Amino acid sequence: MNLSKLRVLVMDRGACLKNQEEELELSDWFKPRGRPDVITTTSWLAPVVWEGTFSRKMLEKHYRRQNFTTGLAVFATGRLADPYLELFLNSANKYFLTGYRVIFYIMMDTFIKLPQIKWEPLRQFKVFIVTESRWWDNDVVRMKSLAKHIIWDIQGEVDFLFSMTVTQIFQNNVGVEVLGELVAQLHGWWYFKDRASFPYERRPKSAAYIPFGQGDFYYDGAFVGGTPQEVLNLAEEYLNGVIHDLGLRLNSSYEKHLNKYFFLRKPTKLLSPEYNWDADFYPPPQVQYVKVAQQSKRRH
């Protein structure tokens, strides 16, 4: 089967799921007035999910009727595997979409470093050995590998797909409130800063360029998701941007390309800093309930 046909399958599955989701109106589950201390709705009317803004009961009632599977992809090669992977998988096994079908896609360079996990019911895992050339940086290798496996493996197995960095630890339940067509994670540090100070790419020739005075939020690349088709679009756009910049001898970060992508293609749901808080910093009053903590790489 050729790649164009596979891409059509990704789109068809996403379209079917979109029809299912239309049964649940935003007003049925999203209660933005529950958190007057934070931004809960974007200028394009996408929800920003904080604890206290959603009805878990209504969401559970809806999604229990849906026959869906979610994928969670994590990249753990080289020195990232030993100190982080087991902690990530154990915490995700316990807290990520508990009671729903989840397939963990573990991208690594050797089976030797695969930890032994006692998986909860409705959990399964698959290992993809990374074969991409390692002269690229980790983000390029990760997104090339993810895009390839979405097309050849993942797209026929899941309805939603999330990609996370292995340095995270789930600390509390992360449930169906995170599901959506295109889901972005607000950066915990930059959320509380003025937009003029955001570290967007400012070189006009770069594919990641965002002019001064423009932009919405600063997004964190540690936690992104949506339908497989949307995640594939993001990965391919990032890789195309990298190739464009290399031709001009520019080198912009994955996170800056990600922010350019979300500037042009607005996410349909945003996750608050509660879903990726830096463990080195004490959370401010607005972050009442840390769901996922980002470990410091300096500790290893």
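**Close-up 1. Lysine 266 and tryptophan 44.** In this predicted model, the charged end of lysine 266 sits over the ring of tryptophan 44, 5.1 Å from the ring centre, where sitting over a ring requires NZ of Lys or CZ of Arg to be within 6 Å of the ring centre and within 35 degrees of the ring normal. The charged end of lysine 193 likewise sits over the ring of tryptophan 189, 4.4 Å from its centre. Residues are numbered from 1 along each chain as its sequence is written, and side-chain values use heavy atoms, leaving out hydrogens and water. Because the model is predicted, local features need pLDDT of at least 70 and side-chain atom pairs count only at pLDDT 80 or more, while totals for chains, interfaces and linings use all residues.

**Close-up 2. Aromatic pairs.** The whole structure holds 25 aromatic pairs, that is, rings of Phe, Tyr and Trp (its six-membered ring) with centres within 6.5 Å, called stacked if their planes are under 30 degrees apart, edge-to-face if over 60 and tilted for the rest. The rings of tyrosine 191 and phenylalanine 192 are edge-to-face, because their planes stand at 85°, with the centres 4.8 Å apart. The pair of tyrosine 261 and phenylalanine 262 is also edge-to-face, with planes at 65° and centres 5.9 Å apart. Phenylalanine 262 is buried, with a relative accessible area of 0%, whereas phenylalanine 192 is partly exposed at 31%; buried means under 20% relative accessible area, exposed over 50% and partly exposed in between, using a 1.4 Å probe and protein chains only. Ring pairs also link Trp44, Phe217, Tyr219, Tyr261 and Phe262 into a cluster.

Close-up 3. Glutamate 255 lies in helix H7, residues 254-264, where helices (H or I) are DSSP runs of at least four residues and strands (E) of at least two, numbered from the N terminus. A polar contact of 3.3 Å joins its side chain to that of tyrosine 218, meaning a pair of N or O atoms within 3.5 Å, of which, within protein, one must be able to donate a hydrogen and the other to accept it, with residues adjacent in sequence counting only if both atoms are side-chain atoms.
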